[in-house]
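This briefing covers a ligand site and the domains around it. Please look at the structure first.

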Amino acid sequence: MYEIKAVGARQIFDSRGNPTVECVIKTGFGRFKASVPSGASTGTREAVELRDGGKEFNGLGVSRAVQNVNEILSVVVKGRDCRRQKEIDSLLVKEDGTPNKSKLGANALLSVSLAAAKAGAAAENMELYDYISELSSRNPLMPVPALNIINGGKHAGNSLDFQEYQVLPVGFKSFKEAFSAGVEVFHQLKKNLEKNYGRSAINVGDEGGFAPQLRKVEEPIDEILKAVESVGYAKEMVIGLDVAASSFFMGGKYLIEKKSLGIVSMLEEYETLLKYYPIASIEDPFAESDYHAWEEIVKKLGKRVQILADDLTVSQEALVAEAIRRNRANALLLKVNQVGTLTEALESAALAHNSNWNVQVSHRSGETNGTFIADLAVGIGCGQIKSGAPCRGERLAKYNRLLEIEESSGALFAGRKAFKPK
Ligand code: PGA
Ligand code: ZN
């Protein structure tokens, strides 16, 4: 019953219409399916997404990754007990044999790893979040959603340099209340943007947030706070930013608002933002290899605000360890496809948690309708998730799954303290 009987993969398409991998695993308990997301503002040290190259799909086809699942990885995991997640993942990693999964593709490996976890949960007759909670020895907790309601950077066709402007509904008793309030803010923001900037301002970007033609770094925050106030949640909501600074770091300088800023000026910019706005989280404030700048911001602001590492650590344990040792951030953004197996992602999260870092589970800008990360966020009890705006099916799939989980799990809502730097 428990053994993996068959493994198959196919090419499907993500929310940007790019090819990605979907895997199905068969056991005596049924068929279990998982798919893989894809980023646009990727860190250079992420595990390798294997793409076909050539003309078709602008080189983004995944037929080689699919073939690697069907012909190689399927042989490796067939006959294995689907409840042995660690063992399955280590077999996958060993079969690839490269440090960055470039031989078989992190996309190929991850599709099998996630499908195996779903099969394992079903075999134990458990919900996926409970199964992950056991794997990670953490108590389930409902996460605060970081709702990216204004998109910029590489995710939108506007002139905003910062990539994500999030509203964080922290001051509520449940995920349901928090998310619903976030949805109200989203709709109020839509009305305001349309009124002030015209209809084109309410077009949405890759993660479902609006993409108005604003230029200044602080303008989106002003708009979000106005919307928050007019729906009456000024006390319950704070702001999160994903600066994604690697994307405008050129020749050792940060190019924002047509100015070229060094580390000191950027630090001043962040200090000013913190002075005037209720910001609780800043992701990727500096470029992925501008280590000194990360160390400086943690020294200066790390007690007051969550400094969240994405491109810096790319969910990989060795890089997380280095960042912890050097005090370069105080929180980890966790994206399963940056590392390639569930077990490795859980190990990175565990290291972060054990070092008193916060952890935020994250989608990618290119997503499928899969909901794995909703269960992951609850299961590792990290208290934070980002899955874009409450808009576009692939974003809502995760939030709707969280609504379902909250009903069945009885898990508490993380609230404000999830963002407190420790
Ligand atoms: P990405 O964006 O999926 O395009 O990398 C998300 C992020 O930077 O956090
Ligand atoms: Zn990011």
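An oxygen atom of ligand 1 lies 2.6 Å from an N or O atom in the side chain of Lys386, a polar contact being a pair of N or O atoms within 3.5 Å. The protein covers 100% of the 270 Å² of accessible area that ligand 1 has on its own (Shrake-Rupley method, 1.4 Å probe). The model is predicted: local features need pLDDT of at least 70, side-chain atom pairs count only at pLDDT 80 or more, totals for chains, interfaces and linings use all residues, and side-chain values use heavy atoms, without hydrogens and water. Residues are numbered from 1 along each chain as its sequence is written, with chains lettered from A and ligands numbered from 1 in the order in which they are written.

**Ligand site**
- Ala40, His155, Arg364, Ser365 and Lys386 come nearest among the 15 residues around ligand 1 (a heavy atom within 4 Å).
- A backbone N or O atom of Ala40 is 2.6 Å from an oxygen atom of ligand 1.
- A polar backbone atom of Ser41 lies 2.9 Å from an oxygen atom of ligand 1.
- The shell around ligand 1 holds eight charged, five polar and two nonpolar residues.
- Ligand 1 takes up the space of the largest cavity (on a 1 Å grid over the protein atoms alone, a set of points where a 1.4 Å probe fits but cannot get out; more than half of the atoms of the molecule must lie within 2 Å of its grid points).

**Domains**
- The domain assignment gives domain 1 (6-125) and domain 2 (136-419).
- Each of these two domains supplies at least three residues to the shell around ligand 1.
- Contact (heavy atoms within 4.5 Å) links 31 residues of domain 1 with 31 residues of domain 2.
- The C-alpha centres of domain 1 and domain 2 are 26 Å apart.

Note on methods. A polar contact is a pair of N or O atoms within 3.5 Å; within protein, one must be able to donate a hydrogen and the other to accept it, and residues adjacent in sequence count only if both atoms are side-chain atoms. On a 1 Å grid over the protein atoms alone, a cavity is a set of points where a 1.4 Å probe fits but cannot get out, and a pocket is an open set with protein on both sides within 12 Å along at least five of seven lines; lining residues have an atom within 4 Å of a point. Ala, Val, Leu, Ile, Met, Phe, Trp, Tyr, Cys and Pro count as nonpolar, Asp, Glu, Lys and Arg as charged, and the others, Gly among them, as polar. Domain bounds come from an automatic or database domain assignment.
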